[in-house]
Amino acid sequence: MAEINNIQNEIIDEFAFFGDWMEKYEYIIDLGKSLPLIDEQYKDEDHLIKGCQSQVWLHADEEEGKVKFTADSDAVITKGIIALLIRVLSGQKAEDIAKSDLYFIDKIGLKEHLSPTRSNGLVSMVKQMKMYGLALNAKS
Amino acid sequence: MQATAQKVFDIDKIRQDFPLLEREMNGKPIVFLDSAASSQKPSAVIDKLNDYYRQGHANVHRGVYQLSQEATTAFEEARELVREFINAPSSKECIFVRGCTEGINLVASSYGRKFINEGDAVLITAMEHHSNIVPWQMICEERGAELRVAPVNDEGELMLDELYALMDDKVKIVSLSHVSNTLGTVNPVKAIIQKAHQKGIPVLVDGAQAIPHTQVDMQELDADFYTFSGHKMFGPTGIGVLYGKEKWLEQMPPYHGGGEMIKTVTFEKTTYNELPHKFEAGTPDISGVIGLGEAIQYIKEVGYDNISRHEHELLVYATEQLSQIEGLRIIGTAKDKASVISFLVDDIHPYDLGAILDKLGIAVRTGHHCTQPLMDQYGIPGTVRASFAFYNNRADIDRLVEGINRALKMLR
């Protein structure tokens, strides 16, 4: 759990350097553009989380009690935020993921993208990530 | 009819009637370009609601006391305003519903249970909003009927020959939008109704996107059903109107059961109230109705001639300005259009464009606009939609164009 929070705090510190929302968004857009996020074979119906606004694909692998996430979206801003979520949660212990409190999104001023009214698939994606954590933890 | 008290159209004065337009969004003066989803409200409507709750509220149609009678009078006067507004033959034919969606559900369910049987068909079009698809799918499934869909061409216009060819004797009702919420296309509903009537088929018109922009006349259109929402025409949310010809409404079973819609109740048998009350079970949205009446008065004062002229100017100006943006393509280029522009730029996702415009204080709609089948036809995930009401001005469009250019710099 400590590790998850450490990464969250790192991101918060990084975002503190941005002068305004435009710099923040430009960074998010760059993240979204540059990351090869998911193996093409997982971009199918089974891995799709359908939002009203944008779509998200999520895949989870287990490696020695840790969960590795890959994901993608058709919208680049959504994809940039996914990159941050993956940085925080991927490679962490299943139990920690299930219990995590993702406060960094609010702290870096992007909470509107994780609001149910946006319906961009991100809320369901975070739920799904925690579910994977919960399921793998129960199995072990 | 509407020409009585029309003012000279002064856009600056009009904007002052809408207090919300003074607020900021994300620290910038708001540019509100989502009136097709829901319009803003003039002070006259807001004040009317306030006055009603402070001074005029009681339940309607039952109290013997003065206050209840006043509320009933105000309620029924609003119904008469609606009747006059759409030139319906009788106010009995104007039923208050929660909105256009409920209007369609009422007809699908009630007309459907009476007149649609196994092997019959319902005819809609490919540009319908989900609310004019799903209720028909539900009743077709229940009754063993077929849902037929008339096609739309690349410009976003109905393909009339195909539509007419689908009108055979199996079709028990045609249901289509007057104006498309996604494309802005104005459909030639009068001609379509005539054609359907020649074959003995009644027609429901979804007027949600038409009423805010243009005058509709039930006797001229000869629609069998016409439904619209108050909140898109500067009135309160939660109230709408279903107009239906008496000959149909009389034959249709009630939609909801409860108080108000009954004449006598025993445990053995209930007899139903007369129109329009037969379809208005329970305590109605009294304040909504009174607010809607005020919205109608407001529209009449501004005048549809002024509204149409101003909005058409905005549409032409916006189309010109947007077309100058490299890579921008407008989805929906019908000859006859209401003030709605859907667009995409290159392969940029609508969500990304919308999220940046939001930060710039510009409210547009992004997504599939509840018309997923239409988006599938065009092979796109959705669009960005800017829709204009008569309270918008050229400066709003300039801010939109500037905003898009700024967003493109970030996204490209």
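Predicted model: local features only at pLDDT ≥ 70, side-chain atom pairs only at ≥ 80, totals over all residues.
**View 1. The salt bridge between chain A and chain B joins E112(A) and K359(B).** The side chains of these two residues, E112(A) and K359(B), meet at 3.2 Å, taken from N to O.

**View 2. The side of chain A that touches chain B includes residues of α2 (21-34) and α3 (76-89).** These are the elements of chain A that give two or more residues to this side, and α2(A) gives the most, with 6 residues. By residue class, the side of chain A that touches chain B divides into 8 nonpolar, 5 polar and 5 charged residues.

**View 3. The contact draws 18 residues from chain A and 17 residues from chain B.** Between them the two chains bury about 1600 Å², of which 58% lies on carbon and sulfur atoms. Within chain A, the residues that lose the most area to chain B are W21(A), M22(A) and Q53(A), which together account for 34% of what that side buries.

**View 4. C94(B) is a buried cysteine in a structure that holds 0 disulfides over all chains.** The closest cysteine sulfur to that of C94(B) belongs to C100(B) and lies 15 Å away, so the two are too far apart for a bond. C94(B) counts as buried because its relative accessibility is 1%, whereas C370(B), with a relative accessible area of 30%, is partly exposed.

**View 5. A cis peptide bond joins L275(B) and P276(B).** The omega angle of this bond is about -5°, and P276(B) is found in the loop that runs between β12 (270-272) and α10 (286-302) of chain B.

**View 6. F234(B) has a positive phi although it is not a glycine.** Its phi is about 75°, and F234(B) is placed in the loop between β9 (225-229) and β10 (240-244) of chain B. With a relative accessible area of 1%, F234(B) is buried.

**View 7. H369(B), a residue other than glycine, also has a positive phi.** The value for H369(B) is near 55°, and the residue sits in the loop between β16 (365-367) and α13 (372-378) of chain B. H369(B) is buried, its relative accessible area being 7%.

How values were computed: Residues numbered from 1 in each chain as written. Chains lettered and ligands numbered in written order. Heavy atoms only, no water. Contact = heavy atoms within 4.5 Å. Buried area = accessible area lost by both parts, 1.4 Å probe. Salt bridge = Lys/Arg side-chain N within 4 Å of Asp/Glu carboxyl O. Helix = DSSP H or I, 4+ residues; strand = E, 2+ residues; numbered from the N terminus. Nonpolar A, V, L, I, M, F, W, Y, C, P; charged D, E, K, R; others polar. Disulfide = S-S within 2.5 Å. Buried < 20%, exposed > 50% of the residue type's maximum accessible area, 1.4 Å probe, protein only.
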